Each structure stands twice: as structure tokens, then as C-alpha cells.
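Me: I've got a new structure open and I'd like to learn how to read it. Could you walk me through some of its features?

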Amino acid sequence: MLSQSAQMLEKFISVAINTKYPDVPPTEEEFITEATALREAFPVANEEFNQIVRNLKSALVITMDVGVYISNKSSDHQSWLPGRRAEIDFYYWKRFRRYLEEVKGWNTRVTANLEIVSNDIVDLFGDPQNDKPWQRRGLVLGDVQSGKTVNYTAICNKAADAGYKVIIVLAGMMENLRMQTQKRLDKEFAGRLSKDLLRLKGKQEVRNVFDGVGKIDSSKRISAFTSVLYDFNTSILNSNDLTLRNISEPALFVVKKNKSVLKNLESWLLNNNADNSGKIDLPLLLIDDEADNASVNTKKEEEDPTAINAAIRSILNRFYQATYVGVTATPFANIFINPETDDEMIGDQLFPKDFIYLLSPPTNYIGANAMFGDRASYEENIEEIDNREIDMFFPFKHKKDLVVDELPPSLYEAMGYFLLVNAIRDVRGDSRDHRSMLINVSRFTDVQVRIRENIIVWLEQVKSDVHNYGALDEAQTMKIKSLRMMKQIWDKHHLEEKSGVSWEELLVVYLYKAIAPVEVRAVNQKTGAASLNYDTYEENGLRVIAIGGNSLSRGLTLEGLCTSYFYRNSQMYDTLLQMARWFGYRPNYSDLFKVWMSPDVIDWYGHITSASNELKDEISRMNKYNLTPRDFGLKVRQDPNSLIVTARNKMRTATQVSRPISVTGKLLETPRLKSKPDVLVANERAFKLFVASLDTAGSRRDVEQSGIMWSGIHKDLIVELLYSFETHPWHMSFQGKALAEYVEKSSGLTEWDVFIPFGSDSDDFELEGANGIIKIKREKRYVEEVNGMIKVMGTKVRVGSGGCTKAGLNKGEIKEAEERFRKLNPGKTNNIPDSAYLIGDRKPILMLHVLKSTGKKDAPINPKIPDTLYAIGVGFPGNGYIKTANYVVNMVDLSNWMDVDDEDDNDVD
């Protein structure tokens, strides 16, 4: 953190640049000229001035696109905000914009687009000046840690300007998340510290301490009805004689998604503010942050989503005029997936029937695409955890009495890396910034506490060794175990190149000072939000290793997150995106942050990133064709990847789930197989019998891709193979029986193309054909076997390589397919999905994969993994008409493959 004088200079330069160059950023020369001229008024050291220049130059190039939305055009809603702009003061928005530009250093191009986005969204709300009763329902879809909060903070400011009088923000299910959100809105919306505003009568000390936007302008107020210290509390409000009737300014409530809290809020609203009809005549905006966070998979009555959603609906119905906006980071939202039927989904009072708005993150956001996408620019920031190593310390199915007397070597490496990054950030001049490390390997609080105890012992030893021996010559320091380990980490990750200092200089000058303040804290429902009290460390920054489970990974922002160590069960991959605290913004250290995770989790992140992208692309497509939120909801319900979310939600009920799943334009594969020998033998037999029939059932044809293709294969043979080929039940997107029945009943899927792609194995592999031996090259794949499941790894839960559906298309057809995709999805020019090549006028395609199993170097041979593995994929062409296969998920069968309690949403005592 910069000195006070340097902070003032940074602010002046930022304001000057934003004022002089509002539309186009200045050149390097123009920027340096402006900065140098302003420096004359502020005596700052060269080091601080260089830091200011780095900070501001990185902020100048940031841009943010406006979003895209779909809405219900058949409703009575009319656009109202543009027509009222001249009469609205926009006091709250203007001071928030000034705060972002002057205090946070945002450039004017980003704040201008934030204004457009918030205008668009608020215009989709009900008009608070309209005298007629109305109810609006919407959803804002963003990315994890991408700035959804700043978007809905902008919306709060804009809504307050437009005339909304009651604003309720539902801030997750845990008090630490509620406190974090309250602090943020105190600073960026209300402008006052709420902790000093609401206390029992007679215990108040300071009533008005201005903060954030309040320091810019405090001539108008926002009334706080909750505080950092207290969630909604009737006694405190009554003690202070606070009701909605005796205030003129907008009222803000920040509350947990908890049944009792919401029922108490409704009761207070009814008893103190309602008219004789039991309704309140003030326009309400209710923002449901992390709208997907009320899990259906909980045993706790207070967190039961049915009860919580009923309470939310009841509060909304207490107001004549109310807008409900859900905010989520996943398109696989419960509001689409939970209902038993399509009609039930559409009829839900919280269903976003009026609009769905897709946010676009700023260009400096490091998210799922940057780390796990097809052209990931930060994939080198990911470090693999060896499953065999960590499983010796933290087995997936461990219990709360797990003994923790030692930690995995990879965890020591990650912690050592975090300590070194602290020193490098000091070298770079960020010495007053917060730094955090996340460790998430267990959902049990008892285990988290034991991990913390081990880390404290290790950390104190490292601190002592650096302090006592760091100044010795290298030969002597290398005799000290901890210093030798730190040097190995330094060399392995090429940190001398990144830091610009030698190991000797870092050790002697920087390291002890950097790591001495580092603390180790457990973060769970017992410890609460106080365990990450960043505000208390504003002057010098908090440096913390945080150990936790879902409390740490759901919605909580870890400031300055440099290092993450994540090892959790990935079967329920829908929760993985929500747990990805390492997505976000890494100013001046994007080259340094690292995430340690298992190969299986890396695969699932790649898979769910692709699946989410496809659904988000649908919003852009639906916008062009004037489709509605109802159409999007149906699309999500019918996506093959929605089934695992459904299964997770229904797990405790042990009921069967039956649902139509869209196969149009999809490539469905078998990357997860049972490892039972009899199943694998039966699959191999069915596969080889099918291949043996191809030369007589159809005809070979030349293709531009590497492999062999047959055309004219009748669907009866395809159906027979699909019925016979058995996969693992946890890979729900491929159900051979359902697909076989679908093909059998479909009149348009009579003739098929069949393709065997060639891989990189140097040896020929022979299959028997009707006309003699068929020689192919096997595809090499890294394969693992765990708990009866064979997993094809390293391909984002795929079997084939990306673009394999090009098989059978010529160059002209491929070009045409890619141009069509780009036209429908502007801005998505680099990543062309397999579905793009499943164009409407081609034949359906069956992919036959013959895999050469490979393992990790030096890994013991697993007898359950055959040397040659057989897998298949089916691709159904799409022509715009959605066709579905009826998938069935047997929950009893699934529960035999997984411990249900492993996926309970909350940390367990």
C-alpha cells in the first residue's frame, strides 16, 4: 500500500487522465507527461512513483463490454427509465461513479459501460413511479468473483435514484457472507458505517461515521435497517423506533437466507408498515445474491430451500410493487432444474419470467475461460496434485475423527510458494496489500482445526529458520531443511526471473520481513467472518493462510488470493464453479498466483466451463431471435449436464428422475466406464462385433481427417451397439439405453456415418473386419481407475480431441460451419465447439475410439485398467429444431457409487 502522499498523487493522476481522455486512453508518452507534471506537487520517492505508474497503466487498458439480455416481450412492461432520465437527479449513482473513478481508480470507459449495464437492468424492473400494482422477476448471470457485487451495487444506487424505497439484499446463507456484503454496501451504497448506527437504545456511541461514498458526498442518506454487527433484529429496530413510515430516504436491509430471519422480517413488515390490506405501498427491490446457494441437499430446517423460497415469495407479496432479481454465477441454476416438470418451473413465483441479463466481465478478469478454456492463457498457473500422494493423508471419504499428524508434500510446497510470493510482492512495492492462501481439503471443522495446528508448527519453524540462518552463506543455509525446501521451490517455479532479485538477496533482505506477519486461521461457521477481518489490517495488509471447507468456498472473497490448495470430491461438478475463489482479479501478480488441484478436478473444470459457455452463448442467440426466459429455462433443463445437478438435489429422496434431454447438435461420449472386468469384456465384444459388420453394412469413403469412415450404416446396428455398451452411471450425459430408444423411434436418423479416428500410438493395432484385418492407430489417453470407475483424463471429461466432429466434412463445409457459429456468437471467434460442426444437413455420426491406456510416470500398474480401452461417441446434427431423448436416473443405483453425505453443503462439526 502506498504512503498517504503517494495515494493522493495516484488519485490526482487518475482523475486528470479520466477527465482529459474519457473515450480513448492516452498514449504511453501522453500518460507519462501528465503523471510527471502532477508529481511536482507531491514529494514521493521514485519507487512509489514507479508503483503508481504501474498501477494506473494497468487500469487504463481495462475495458468491459455491455451485457446481453432476453426478456418477455408479451408482458405489459414498458421501457420507462429513458423517458424519466431528465427528471431524475441520479445523486446516488453519480457519487458511486465518482468513488469508483477517484478512489478505486477505475477508468471512465469501464464506468461508462457499467452505467449502460445498470441502466439496461433497472429499465427491466418495474417503474417505481407507476401507481398500478406490479411484480417483476429477473435473473442476472455473471461469473464467479467477476464483480457481480459491483454490478448490483450500481443497480442499488440507480434504483434508489429512480424511486425504489425498500431494498433488501439476501446475502448468502452464512453470517460471514452477510457481514461481508453489509460492509461492501455500507461503503459503496449507504456511505456510513452501519456498526455504529444500530444498537439497542442507550448503547449507541457514534451514530454517523461516513465511509466510502459518504466521504465524497453525504447530503443524502440511505437508512440502514441491518448492520455489520446485527442481521435483521426486531428488538433493535423497535428500540430505535425505526419503521418504513417514519423515514423519507431509501431503506436498506442485508439479511441471510435463513427461514427464521426471513419470517421475522415479514412479520415486522406486516405489523409495522402494512396498510389495512396487509400490504405495503412502497416499491421494493429484492436482490437475491448467490441465488443458487440455498441447497436442496441439506438436512437443516433453517436452510431448507422450499421454506426459504416460500418466505421470499411471501415478502414479495406483501408489497404492491416488487422487483425480484436473482444473481448467480452458474446457468445450471436450481430455479431451472429443481422443479419436477417444465410447467412447475415456469409457474414458480421466483422464476425469472421477465428477463435474464448476462453480464460481461472486464478484460482483466481471470476466470474459468482463462484457466480452463480451450485457449486458456493461465493454465500454467495450475499445479497438479498427485491423487495417490494426497489420498494417503486426506482420503475423499474421511470422517471428522481423521488423524492429522502430517501433511502432504505438495501442500508444504504450496505453502512455501505462498511465503515466497509474499516476499516477491514486497519487492514489487505491494507491501501493504492483503495476501491470502486458501486450503480446502476437508468439510469437517475438526479436521480443519487439526490441519491448522500442524501448519502453525511448520510455519513457526520456517520463520525461526529464516530469521536465525537466512544471513549465512548458501552452503550453510542449505543444511537447514526448511531453507533448502524454499530454495527448491524458488528454482522449480523460476521465481528469480519473476522477481528480478537473486535468491541470496531475497533471503537476506526480504523474506523474513515478508513472512513474519503471516497468520494461520480456520474459517468455518464456528469461527465466523471475524476470522478474516481484512478491515482491521487496512494500513499494512493481512497476510493469512485460511483453512476451511464450504464456508470458505461459497461467496466469501479472499483478498489478495495468491495461492490455493483444493482437493475435494468432484463428482458433483456443479458446485465446483461456486468453489473457485481463485477466479477474479490479480493486479500486479497475475504471473504469480497458483492453484494446486487434482487432475480429475482440472478435467471437470474444463468440462463445466465448456458446458456453461454453450448455455451462455444461447442467451446471445435467443436475443437475436426474440426468445424468452422461458425458452432459456427449458434449454437448461434439457441440457445433458443438468442431470448431475438434478441428481445432487434428489439424492436424499432416492426417487427416480425422468427428464427429456436435448441431443440435437450434441456430441455425447463415454469418458467414464465401470472397471468391472465382465463389463469391460462385454463392451469390447460389442465394439468388435460392430466393427466387423461395417464393411458389409456400409461403404468406406475417403475423408480429409486421419482415420477410417464408413457411410450408409443403418440405424439398427447403431441401436444394437448403444443398447450393449455399458457406461458408469455417474457419467449421466451418456445413457446408452435412452439414446438407443431415441434413435430407434426417430424417422430422420436412418443412415449413419461411422468414424474411427487415428491416434498418435506408433504401433499398428488390428481389428477384424468383414473383408480382412483393419489396421488403425490407437489414441493415447491418460487413464485412471478409482472406486470402480475408469476415467479418461486430461481431456476435460471427453474421449475425442476437440474438433473431432469435423470428420467427414470437407474444407468448405468446415469453413461454412465455423462462419455460421461466429455469426451467431460474435466475439467467440477462437473457440469453436464440436456442436458447431454437427450441421443440420449432415448424417448423424458414431465415433469409435480405440484408446491406448497410459499412466503417470513411475506409477504402479493398475490391473483394473486394460492396455486397450474401447469408448464411443454419438453426434446428432442440429437444424434448429430441438429433439430430446428420455433420460432416467436411478437414485438408488447412484447412491451405491457415492456417499451422499460427502456432498452436504455445509461444514460439519
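Me: Which residues of strand 24 lie on one side and which on the other, and are they buried or exposed?

Reply: The general idea first: side chains in a regular strand alternate between the two faces of the sheet. Here, Met789, Lys791 and Met793 sit on one side of strand 24, Ile790 and Val792 on the other, and all are buried. Buried means under 20% relative accessible area, exposed means over 50%, and partly exposed is in between, using a 1.4 Å probe and protein chains only. Strand 24 covers residues 789-793, and five of its five residues are buried. Strands (E, at least two residues) and helices (H or I, at least four) are DSSP runs numbered from the N terminus.

One thing to keep in mind: this is a predicted model, where local features need pLDDT of at least 70 and side-chain atom pairs count only at pLDDT 80 or more, while totals for chains, interfaces and linings use all residues. Residues are numbered from 1 along each chain as its sequence is written, and side-chain values use heavy atoms, with hydrogens and water left out.

Me: Which strands pair with strand 24?

Reply: Two strands count as paired if DSSP finds at least two bridges between them. Strand 17 (residues 672-674) runs antiparallel to strand 24, with three bridges joining them. Strand 23 (residues 779-786) is also antiparallel to strand 24, over five bridges. Look at Lys791: it is the bridge partner of Arg672 and also of Glu784.

Me: How many residues lie between strand 23 and strand 24?

Reply: Two, and the strands form a hairpin; Asn787 in the turn has a positive phi of about 50°.

Me: How do I read a helix, say helix 17?

Reply: Start with its span: the expected value is 1.5 Å times one less than the number of residues. Helix 17 (residues 409-427) has 19 residues and reaches 27 Å from its first C-alpha to its last, close to the expected 27 Å. Then check burial: 17 of its 19 residues are buried, so helix 17 is largely enclosed by the rest of the structure. After helix 17 comes Gly429, with a positive phi near 95°.

Me: What about a loop residue: where is Asp211, and is it buried or exposed?

Reply: Asp211 lies in the loop between helix 8 (175-190) and helix 9 (213-216). Its relative accessibility is 13%, so Asp211 counts as buried. Contact means heavy atoms within 4.5 Å. Leaving aside neighbours within four places in sequence, Asp211 is in contact with Asp186, Lys187, Gly191, Arg192 and Leu193.
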